[in-house]
Amino acid sequence: MRSPITAVPPYAPLSVEIVTGPDRVLVQVSGELDCDTGPDLFAALAPLAHRCVDVDLSQVPFMDSTGLNLLLSQRRASRRAGGDLSLLRCSPPVRRVLDVTRTFTHLTAPCDTRPNPSST
């Protein structure tokens with residue numbers, strides 16, 4: 001008996017687009033967020049730590065623990081720097097990871113909009 005051959009979905013490289021507004025920054029992410037691509041997202045988010053950043057993950061078909069840890073640590077770093085980070089939209093696979101790890105509510109809480117003490 002032959003076993004069925006299943007096609008592996010094509011790998012989706014990571015793409016990050018940053019849209020800067022006067023009060024907030026929108027970071028639109030597409031592609032897979034994993035141990036190979038996590039450093040690329042970190043490189044885009046780290047310089048924005050002092051800003052209020054909304055991250056759109058609606059076009060991310062896969063996220064592993066590296067992506068989750070990156071988002072959690074970047075939210076902590078942002079809050080320490082006087083900014084904040086919040087997930088705006090999530091694809092179903094990303095939402096599943098956040099639900100299983102019970103981090104959805106934490107990461108999707110709206111950005112804290114208190115004035116940044118270093119900017120006054």
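Strands S3 (residues 52-59) and S4 (residues 84-90) run parallel and are joined by 6 bridges; two strands count as paired if DSSP finds at least two bridges between them. The model is a predicted one, in which local features need pLDDT of at least 70 and side-chain atom pairs count only at pLDDT 80 or more, while totals for chains, interfaces and linings use all residues. Residues are numbered from 1 along each chain as its sequence is written, and side-chain values use heavy atoms, with hydrogens and water left out.

Within this pair, Asp 56 stands opposite Arg 89 in S4. Between S3 and S4 the chain passes through helix H2 (residues 65-80), giving a right-handed β-α-β crossover; that is, with the strands pointing away from the viewer, the path from the first strand over the helix to the second runs clockwise. Overall, the chain holds 4 helices and 4 strands, taken as DSSP runs (helices H or I, at least four residues; strands E, at least two) and numbered from the N terminus. Their order from the N terminus is β-β-α-β-α-β-α-α.

Turning to the interior, 36% of the 120 residues of the chain count as buried, meaning under 20% relative accessible area with a 1.4 Å probe, protein chains only. In soluble globular proteins, nonpolar side chains tend to be buried together. Leaving aside residues up to four places away in sequence, Val 55 touches Val 27, Val 29, Leu 45, Leu 85, Ser 86, Leu 87, Leu 88 and Arg 89, a contact being heavy atoms within 4.5 Å.

Helix H2 also holds Arg 75, which counts as buried because its relative accessibility is 1%. A polar atom of the Arg 75 side chain lies 2.8 Å from the backbone oxygen of Leu 85. Again not counting residues up to four places away in sequence, Arg 75 touches Asp 84, Leu 85, His 106, Leu 107, Ala 109 and Pro 110.

Key
Buried means under 20% relative accessible area, exposed over 50%, partly exposed in between (1.4 Å probe, protein chains only). A polar contact is a pair of N or O atoms within 3.5 Å; within protein, one must be able to donate a hydrogen and the other to accept it, and residues adjacent in sequence count only if both atoms are side-chain atoms.
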